[in-house]
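Welcome, and please take a moment to look over the chain before reading on. We will walk through it together, a piece at a time.

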Amino acid sequence: QVQLVESGGGLVQAGGSLRPSCAASGRTFSMYAMGWFRQTPGKERESVAAISWGGSRISYADSVKGRFTISRDNAKNTVYLQMNSLKPEDTAVYYCAAARVSTVLVGPAGYDYWGQGTQVTVSS
């Protein structure tokens, strides 16, 4: 069982930066691939970024490439999402998720555990 708790969302002006983090419980965090997703009302949850359990493989949605960076610190059981050059269309609830697989996993299917989400609002 893994529990995930996101933090670090907030309100920022367009062009600004935020760095949400996701803290995981349990001693086997390093055995989970991790992903960040976002969702706005009335839309499906979409993948933002994903990272393999060792951190060597990473995937980004086209809409965030060059602006967002996913990373993980297995010693701290934490995954991060550095978000730069934020745009109003990045406004959403951001969720982290964990999957008991070694490779990077894109798309919500296959993830076993989800956090409660953190709101990111980008004003124009």
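Two strands count as paired if DSSP finds at least two bridges between them. Strands themselves are DSSP runs (E, at least two residues), numbered from the N terminus. What you see is a predicted model, in which local features need pLDDT of at least 70 and side-chain atom pairs count only at pLDDT 80 or more, while totals for chains, interfaces and linings use all residues. Residues are numbered from 1 along each chain as its sequence is written, and side-chain values use heavy atoms, with hydrogens and water left out.

Let us start with a sheet. Strands of a sheet pair through backbone hydrogen bonds, either parallel or antiparallel. Here, four strands make an open sheet in the order β1-β3-β8-β7, and their pairing is antiparallel. The edges are held by β1 (4-7) and β7 (68-73); each has a single partner strand, so one side of each is left without a neighbour in the sheet. On average, neighbouring strands of this sheet are turned by 15° against each other, direction ignored (axes are lines fitted to C-alpha atoms, and angles run from 0 to 180 degrees between N-to-C directions). Look now at β1 and β3 (residues 21-24), which pair in the antiparallel sense over four bridges. Within β3, C22 is the bridge partner of E6.

C22 leads us to another feature. Together with C96 it forms a disulfide, with the sulfur atoms 1.9 Å apart; the rule asks for a pair of cysteine sulfur atoms within 2.5 Å. By this rule the count comes to one disulfide. Since C22 lies in strand β3 and C96 in strand β9, the pair ties together parts that are 74 residues apart in sequence. The torsion about the S-S bond of C22 and C96 is about 50°, so the disulfide is right-handed. Both C22 and C96 are buried, where buried means under 20% relative accessible area, exposed over 50%, and partly exposed in between (1.4 Å probe, protein chains only).

Next comes the interior. A nonpolar core is a set of buried Ala, Val, Leu, Ile, Met, Phe, Trp, Tyr and Cys residues joined through side-chain atoms within 4.5 Å. Which residues touch the most other members of the largest nonpolar core? Of its 28 residues, they are L4, M34, W36, L81 and Y94. Elements giving two or more residues to this core include β3, β4 (33-39), β5 (46-51) and β9 (92-99), and β9 gives the most, with four residues. Leaving aside residues up to four places away in sequence, Y94 touches a list of residues, among them E6, W36, F68 and L81; contact here means heavy atoms within 4.5 Å. There is also a second, separate core of six residues, which includes A50, A99, L105 and Y111.

Finally, turn to β11 (118-123). Three bridges join β9 to β11, and these two run antiparallel, with V93 standing opposite Q119. On its other pairing, β2 (residues 10-13) runs parallel to β11, joined by four bridges, and L11 has T121 as its bridge partner. T118, V120 and V122 form the covered face of β11, whereas Q119, T121 and S123 form the uncovered one.
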